[in-house]
Amino acid sequence: MAAGRPSGWEALDRQEVFFNPGELALLAGRTGHAKTTVLLGLLVNWAKAAEKDGRDELLVFYSQEEAEVRIYHRLCSLLTAASGSGWTANEVKDFLRGGPGSRGKGYVWNGTEDALNKARETLRKWENRLLVVHRSSWTVEDIEAHARKVAAQYNVGAVLLDYLLRISPPEARYDRRDIEVSTVARRLKALAVDLSVPVVCGAQ
């Protein structure tokens, strides 16, 4: 089995917190406590590492909550923050829709247009490295089937999902909500084993 994947964040990596192939990792937090941002941060860190090491792999991100375009805005924001510019996702959205004047003549943007353009260029370069899928109605079975189909065609490096409680279990009768959630988690664990990749899922 391949070695565990470091997060790309020095503080975690020093503690030897790795994401191992065949394992399901849950990133838990309360509502509004940046679970999506952390998951997308992992996505960015792993894409950078794959590019640096010359690895031909595809990172798959399933969003049950936010559309692909919103994930794009968030990724742009993260990449500009890494460069020290610091665009917010909402600023990226407004600027791309309406240009410099979209928030009024007196508005001062957090980052530079050059930093945003560089972020967009990076994402264009990563078109074959990142696959973002938003299907809010998909069950865990739909996600499994799609991930297996993708893995049959590409070298999948990791699967990330946002987030556990929004993913519906297979159709059946469940007496309690916790049984539904544990059923989904078991299926995601099985997916990690079958694909031999880390599966990382946000959870409340």
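1. The protein chain exposes about 11000 Å², of which carbon and sulfur atoms supply 48% (Shrake-Rupley method, 1.4 Å probe).

2. This is a predicted model, in which local features need pLDDT of at least 70 and side-chain atom pairs count only at pLDDT 80 or more, while totals for chains, interfaces and linings use all residues. Residues are numbered from 1 along each chain as its sequence is written, and side-chain values use heavy atoms, leaving out hydrogens and water.

3. Seven helices and seven strands make up the secondary structure of the protein chain (DSSP runs numbered from the N terminus: helices are H or I of at least four residues, strands E of at least two). Their order along the sequence is β-α-β-β-α-β-α-α-α-β-α-β-α-β. The radius of gyration, 18 Å, is close to the 17 Å that the globule rule gives for 204 residues, so the protein chain is as compact as a globular protein of that length (taken over C-alpha atoms; the rule is 2.2 Å times the number of residues to the power 0.38).

4. Of the 204 residues, 44% are buried (under 20% relative accessible area, 1.4 Å probe, protein chains only).

5. Helix α3 spans residues 68–82 and reaches 21 Å from its first C-alpha to its last. Its buried residues are I71, H73, R74, L75, C76, S77, L79 and T80. Among the elements covering these residues are α2 (35–53), β4 (58–63), α4 (89–98), α5 (113–125) and β5 (130–134) (contact: heavy atoms within 4.5 Å). Just after α3, G84 takes a positive phi of about 90 degrees.

Technical notes:
Buried < 20%, exposed > 50% of the residue type's maximum accessible area, 1.4 Å probe, protein only. Expected span 1.5 Å × (residues − 1).
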